[in-house]
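Me: I'd like a close look at a single part of this model, please. Take your time and walk me through it.

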Amino acid sequence: MRIPFVQVPVFPRSLLPAIFLFHVGCGATMIPNTSVEDNDGNREVLEFMERYRHAVEDRDVDVLLGMAAASYYDDNGTPRGDDDLDYDTLRVNLSEWNDSIVDCRYEIRYRDIEWREDRKVYVTYRYTASFQVTDADGEQRWVRRLGDNRVVLAMDGSTGTFSILTGM
């Protein structure tokens, strides 16, 4: 059997930079080290989220609670009700978490920010968390987690500030 010959077009080397710039210029500009479109609103969201990330690393329960909305509620993605978190349960869980953690590293790779008409902002990201904990024998060890998460923010229209509704 004979394979038909297909001629592939060859571009002159002088056109390659123009072709590259055309393709790069057609897409939206992204905020560096993210997959998020670069605009003022998205930058404000990422600034808020970076304050959140630093509060996690600092294990600053007061800052984290200050970032959560009074109406905070998280069903943890399960149909069971025993793992649901409201603001008061979040406060207790964060205090227990802080007491059990010696050190923390928390990295975020932002994937998407979606603005909704109801002034909610959905932030999708992948995180890498490393926690140094003291086990039952008094030994310190590192525990690592990698996962995807979505935080839902509420934006106060009068002040332009954000608070976390769910996903902390």
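In which strand is Asp74 found, and what surrounds this residue?

Reply: Happy to take you through it, keeping in mind that this is a predicted model. Asp74 belongs to strand S1, which covers residues 73–74.

Let's begin with its charge. Asp74 is buried, yet it has no salt bridge. The nearest side chain of opposite charge is that of Arg150, 8.7 Å away, whereas a salt bridge would need a side-chain nitrogen within 4 Å of a carboxyl oxygen. What the Asp74 side chain does reach is a backbone atom: the nitrogen of Gly167, at 3.1 Å.

Now for the neighbours. Setting aside residues within four places in sequence, Asp74 is in contact with Asp83, Asp84 and Leu85, and also with Thr166, Gly167 and Met168.

Thr166 leads us on to strand S6, which spans residues 162–166. Five of the five residues in S6 are buried, so this strand is largely enclosed by the rest of the structure. Strand S5 (residues 140–155) runs antiparallel to S6, and four bridges join the two. Together S5 and S6 make a hairpin with six residues between them. In that turn, have a look at Gly160, whose phi is positive at about 75 degrees.

Methods: Residues numbered from 1 in each chain as written. Predicted model: local features only at pLDDT ≥ 70, side-chain atom pairs only at ≥ 80, totals over all residues. Heavy atoms only, no water. Buried < 20%, exposed > 50% of the residue type's maximum accessible area, 1.4 Å probe, protein only. Lys, Arg positive; Asp, Glu negative; His and termini not counted. Polar contact = N/O pair within 3.5 Å; in protein donor to acceptor, adjacent residues only side chain to side chain. Contact = heavy atoms within 4.5 Å. Pairing = 2+ DSSP bridges.
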